[in-house]
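Please have the sequence and the model open while reading.

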Amino acid sequence: MSNLENPNTVIVDEYLESSLDSVDSSEERAKVVAEQVGLPEDDAYQVGYAVREAMVNAIVHGNRYSANKRVHFVLSRTESSIQVLIEDEGTGFQPERQADPLAEENLLSQSGRGIMIIRSFVDEFVIEKGEHGGTRVVLRKSIPPGT
């Protein structure tokens, strides 16, 4: 469906500090919007948690908590989905270099499962190079028809 038939409504478009407060607020906003569009409680929780994981990656691994770097957070919806764009100002990320979180040697690791969690909680997950060299991720969750 084209954007003309299914227009995108931007709900939030802002640059956030590289802090855990930004993680918390982004998660909550995404969860609230998911509830407002009628997603079941479990799905709304999953959307919020996926946003949390993506924001942690942007702030911790991308921006490395730098007070001089921001995270671009865009939350929007169409008639059929919720979309979240998160872009950091880091040096970039190569997903193919990520260790397999299910490999035996990684099972007890304290980190490394975020991308796997995100993929399981949303319908579409894209990782790409950002406009200024960092990493941009896009998460989409479908809104069931009639919701």
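The model is predicted: local features need pLDDT of at least 70, side-chain atom pairs count only at pLDDT 80 or more, and totals for chains, interfaces and linings use all residues. Residues are numbered from 1 along each chain as its sequence is written, and side-chain values use heavy atoms, with hydrogens and water left out.

**Salt bridges**

Side chains of opposite charge can pair when their charged atoms come close. A salt bridge is counted here when a side-chain nitrogen of Lys or Arg lies within 4 Å of a carboxyl oxygen of Asp or Glu. The structure holds 7 salt bridges; the table gives some of them.

| Arginine 136 | Glutamate 87 | 3.2 Å |

Helices (H or I, at least four residues) and strands (E, at least two) are DSSP runs, numbered from the N terminus.

Relative accessible area sorts residues into buried (under 20%), exposed (over 50%) and partly exposed (in between), using a 1.4 Å probe and protein chains only. Arginine 136 and glutamate 87 are both buried, the arginine having a relative accessible area of 13%. Glutamate 131, in contrast, is exposed at 63%. Arginine 140 is partly exposed at 25%, and glutamate 124 is partly exposed at 40%. Glu87, Glu128, Glu131 and Arg136 are linked in a network of salt bridges.

**Helix 3**

Which residues of helix 3 are buried? In this helix (residues 114-121), they are Gly114, Ile115, Ile118 and Phe121. Seen down the helix axis, the buried residues fall within an arc of 135 degrees, so they line one face of helix 3; the arc is that of the directions from the axis to the C-beta atoms. These buried residues pack against helix 2 (41-62), strand 4 (124-129) and strand 5 (135-142), where contact means heavy atoms within 4.5 Å.

**Lysine 69**

Lysine 69 lies in the loop between helix 2 and strand 2 (70-77) and is partly exposed, at 26% relative accessibility. Leaving aside residues up to four places away in sequence, lysine 69 touches Leu16, Ser18, Asn63, Glu89 and Gly90.
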